[in-house]
Amino acid sequence: MRSSLTLVGTLWAFLSLVTAVASSTSYFLPYWLFGSQLGKPVSFSTFRRCNYPVRGEGHSLIMVEECGRYASFSAIPSLAWQMCTVVTGAGCALLLLVALAAVLGCCMEELISRMTGRCMGAAQFVGGLLISSGCALYPLGWNSPEIMQTCGNVSNQFRLGTCRLGWAYYCAGGGAAAAMLICTWLSCFAGRNARPVMLAESIMRNTNSYSMELDHCLKP
């Protein structure tokens, strides 16, 4: 089956899928920030956390060693992280939609034209920009009480204290940068130029199909 993408377009589709999966996977994994609390390792993303304290017998704190998301959107530790969750999620969804369309273009003729590819590249740039904005907002939440307890009570905005950034944060940012810089540029050369003969054949097929349906409707 003939592809609607050029050779460069095939590379674009592959990189689009890789960057979208990398950013989206990192978004859902709670490994953006690493610290410790009560002698146990603790990690965060924007809306998930691994290991958290609960009240035990005698009102003492014990650590529950499991990962999960916050019970509600309002339970996310800071407004900055709430905004980061929404913005990054929207960017990941946009990158995934473009990647899906690009992969379909590898096996469907006339799906992606030169102009369509450029529009999809613009959408990738917006998606990468949203994820990058989320990564920039993330350090604004390091002054929340929950994060300070994990980072030695010395963390503040853009200052980690005893914590450190995790690999998922870098992976999300790297995927966004690749989508904005590499994929957006490759998309300009991804689609094939529509050939006049193919356009004429497509118009004739649509016209004949419409005429047959009209004749069928007009028959008594």
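**Entry 1: the left-handed link.** I began with the link of Cys151 and Cys163, which is left-handed, with -100 degrees about the S-S bond. The pair links distant parts of the chain, twelve residues apart, with Cys151 and Cys163 each in the loop between α4 (145-150) and β5 (164-165). I noted the sulfur separation of this disulfide as 1.9 Å. For my own bookkeeping, a disulfide here is a pair of cysteine sulfur atoms within 2.5 Å. Helices (H or I, at least four residues) and strands (E, at least two) are DSSP runs, numbered from the N terminus. I also checked burial, and both Cys151 and Cys163 are buried. Buried means under 20% relative accessible area, exposed over 50%, and partly exposed in between, with a 1.4 Å probe and protein chains only.

**Entry 2: ground rules.** I must keep in mind that this is a predicted model, where local features need pLDDT of at least 70 and side-chain atom pairs count only at pLDDT 80 or more, while totals for chains, interfaces and linings use all residues. Residues are numbered from 1 along each chain as its sequence is written, and side-chain values use heavy atoms, with hydrogens and water left out.

**Entry 3: the other disulfide.** How many disulfides does the structure hold? I found two. In the pair I had yet to look at, the sulfur atoms of Cys50 and Cys67 sit 1.8 Å apart. The torsion about their S-S bond is about 105 degrees, so this disulfide is right-handed. It links distant parts of the chain, from Cys50 in strand β3 (residues 48-55) to Cys67 in strand β4 (residues 61-69), 17 residues apart. Is Cys50 buried or exposed? Cys50 counts as buried because its relative accessibility is 6%. Cys67, at 40% relative accessible area, is partly exposed.

Entry 4: I numbered the bonded cysteines in sequence order and got the pairing 1-2, 3-4. Cys92 is in no disulfide, and the nearest cysteine sulfur, that of Cys135, is 8.9 Å away. Cys92 is buried, with a relative accessible area of 4%.

**Entry 5: strand β1 and its neighbours.** I moved on to strand β1 (residues 33-37), which is mostly covered, with four of its five residues buried. Which strand is joined to β1 by five bridges? I found β2 (residues 40-44), and the two run antiparallel. Two strands pair if DSSP finds at least two bridges between them. Within β2, Val42 is the bridge partner of Gly35. The hairpin of β1 and β2 has two residues between the strands, and there Leu38 takes a positive phi near 55 degrees. I then saw that β1 also pairs with β5, again in the antiparallel sense, over two bridges. Opposite Phe34 stands Arg164 in β5.

**Entry 6: Ser26.** My last stop was Ser26, found in helix α1 (residues 7-28). Ser26 counts as buried because its relative accessibility is 1%. I looked up its contacts (heavy atoms within 4.5 Å). Leaving out residues up to four places away in sequence, Ser26 touches Trp32, Ala168, Cys171 and Ala172. Of these, I checked Cys171, which counts as partly exposed at 28% relative accessibility. I also noted that the C-alpha atoms of Ser26 and Trp167 are separated by 8.5 Å, although the residues are 141 apart along the chain.
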